[in-house]
Every structure is written in C-alpha cells, then in structure tokens.
Amino acid sequence: MEGTKRVFMVLLFLGCTMLVMLPQASAVRWMIGGNMGWSTNFNYTTWAKGKHFYNGDWLFFVYDRNQMNVLEVNKTDYESCNSDHPRHNWTTGAGRDVVPLNVTRDYYFISGKGFCFGGMKIAVHVENPPPPPVAAPIRAGAHTLSSQGHIILLPVVYAIGAAWDAFIHFW
C-alpha cells in the first residue's frame with residue numbers, strides 16, 4: 001500500500017511537471033467596441049481594423065438588452081442589414097453575450113431592430129494563431145548556457161531534491 005502511494009505521488013509529480021512545460025494558449029476575449037460596447041454611433045469597422053482575431057478567441061458584446069441584440073448573419077445580409085434569417089442569434093437577454101470564435105472563417109454580426117443601419121455591424125476574419133517563434137541557430141564558437149552546464153544543472157538538481165524531500169515527508 002505504501003509503495004502504491006509513492007508511485008502515485010511520483011506519477012502525479014511528473015504529470016504536473018509535464019503540464020507546466022506545455023505551451024500556454026493565449027485566447028483573447030475581445031470586448032466589441034472597447035469602452036463604447038455594442039452601441040449606436042460607433043464605427044466597428046474602424047475598431048476592428050488592425051486587430052488579429054484567432055481561432056479560440058472570444059467576442060464579448062455589451063449592450064442595452066432592452067433595445068439591441070446580436071445576430072450572426074451571412075455576408076449578403078451583413079451588407080444589406082437584413083436580420084430576417086440570421087445564422088445564429090447570440091442574444092441571451094442579459095446584454096452580455098459571448099461568442100466563441102472556434103472556426104477559421106469570416107464572421108458577420110449585426111444588431112437587428114434597425115440599429116444595423118446606424119452602424120451596429122461588425123465583420124471579423126478569424127485565422128489560426130501564428131506558430132511560436134523559432135530559436136535562432138547557435139553559431140560555432142558562441143558562448144552558450146550549455147557550455148556552462150552548472151548554471152542550469154544546479155537549480156534543476158535542487159528542485160528535484162526539494163520535490164522528492166517534500167513527497168517523502170508528506171507520506
């Protein structure tokens with residue numbers, strides 16, 4: 001029984017270590033319109049210009065729930081402000097609607113009830129996130145951390161020793 005607990009703790013420690021080593025996802029929650037929110041008399045095309053929307057990001061619409069809504073439409077209905085046949089009605093009734101961007105494509109949103117004609121519409125192009133940066137190649141004869149292995153090795157040894165000591169004293 002005691003050996004099983006130790007094996008479990010070692011596996012748990014290794015699993016947690018692997019999770020820490022995984023690259024972090026950095027999804028962004030975009031508040032549509034910034035401080036203005038989803039309202040009239042605002043140019044959402046200008047607001048979205050220069051922003052990069054990636055697969056996994058979220059759009060956050062904040063608006064007056066008694067007057068407006070959030071409808072996802074196709075490109076034709078977006079251009080003509082037609083809210084008769086939305087692809088999806090994201091309106092939850094709270095005036096705080098969240099839209100996950102989980103497919104790489106163009107998204108088109110409008111507010112029905114006539115507000116689209118006042119500028120309440122936004123088109124968003126969603127793309128896959130860029131790959132992580134690649135490390136620069138090591139030049140021949142360059143002074144690297146690997147040539148000073150003790151700089152990296154000592155903290156690793158101390159960390160493993162401290163973790164092992166904590167597991168032994170815990171059980």
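This is a predicted model: local features need pLDDT of at least 70, side-chain atom pairs count only at pLDDT 80 or more; totals for chains, interfaces and linings use all residues.
The protein chain has 171 residues, of which 26% are buried. Its secondary structure consists of four helices and eight strands. Along the sequence these elements follow the pattern α-β-α-β-β-β-α-β-β-β-β-α. Contacts across the chain were also counted between residues at least 6 apart in sequence. Of these, 66% join residues at least 24 apart. The accessible surface of the chain is about 11,800 Å². Carbon and sulfur atoms account for 63% of that surface.

Five strands form an open sheet with mixed pairing. Their order is E2-E8-E7-E4-E5. Strand E2 (53–54) and strand E5 (88–89) are the edge strands, because each pairs on one side only. Strands of a sheet pair through backbone hydrogen bonds, in either a parallel or an antiparallel sense. E4 and E5 pair in the antiparallel sense, over two bridges. Within this part of the sheet, leucine 71 stands opposite asparagine 89 of E5.

In soluble globular proteins, nonpolar side chains tend to be buried together. The largest nonpolar core in this model has 21 residues. Those with the most contacts inside it are Trp38, Phe53, Leu59, Phe61, Phe109 and Ile122. Helix H2 (44–48), strand E3 (58–62), E7 and strand E8 (121–127) each give two or more residues to this core. A second core is separate and has seven residues, including Val73, Tyr78, Ile110 and Cys116.

Residues up to four places away in sequence were set aside. Phenylalanine 109 then touches Trp38, Leu59, Phe61, Val70, Leu71, Glu72, Tyr78, Trp90, Val99, Met120, Lys121 and Ile122.

The model contains nine aromatic pairs. One of them joins tyrosine 107 and phenylalanine 109, with ring centres 6.2 Å apart. The planes of these two rings lie at 5°, so the pair is stacked. Tyrosine 107 and phenylalanine 109 are both buried.

A single charged pair meets the salt-bridge criterion: the count comes to one salt bridge. Glutamate 72 forms this bridge with arginine 105. The closest N and O atoms are 2.8 Å apart. Glutamate 72 lies in strand E4 (71–73), and arginine 105 lies in the loop between strand E6 (96–100) and strand E7 (106–110). The two residues are 33 apart in sequence, so the bridge ties together separate parts of the chain. Glutamate 72 is buried, with a relative accessible area of 4%. Arginine 105 has 24% relative accessibility and counts as partly exposed. Glutamate 72 is also among the residues that phenylalanine 109 touches.

Asparagine 82 occupies the loop between helix H3 (75–80) and E5. Its relative accessibility is 23%, so asparagine 82 counts as partly exposed. Neighbours within four places in sequence were again left aside. On that basis, asparagine 82 is in contact with Val73, Asp77 and Ile110. The C-alpha atoms of asparagine 82 and lysine 113 are separated by 9.9 Å. These two residues are 31 apart along the chain.

Methods
Residues are numbered from 1 along each chain as its sequence is written. Side-chain values use heavy atoms; hydrogens and water are left out. A salt bridge is a side-chain nitrogen of Lys or Arg within 4 Å of a carboxyl oxygen of Asp or Glu. Buried means under 20% relative accessible area, exposed over 50%, partly exposed in between (1.4 Å probe, protein chains only). Contact means heavy atoms within 4.5 Å. Accessible areas come from the Shrake-Rupley method with a 1.4 Å probe; for residues, only the protein chains shown count as cover. A nonpolar core is a set of buried Ala, Val, Leu, Ile, Met, Phe, Trp, Tyr and Cys residues joined through side-chain atoms within 4.5 Å. Rings of Phe, Tyr and Trp (its six-membered ring) pair if their centres lie within 6.5 Å; planes under 30 degrees apart count as stacked, over 60 as edge-to-face and the rest as tilted.
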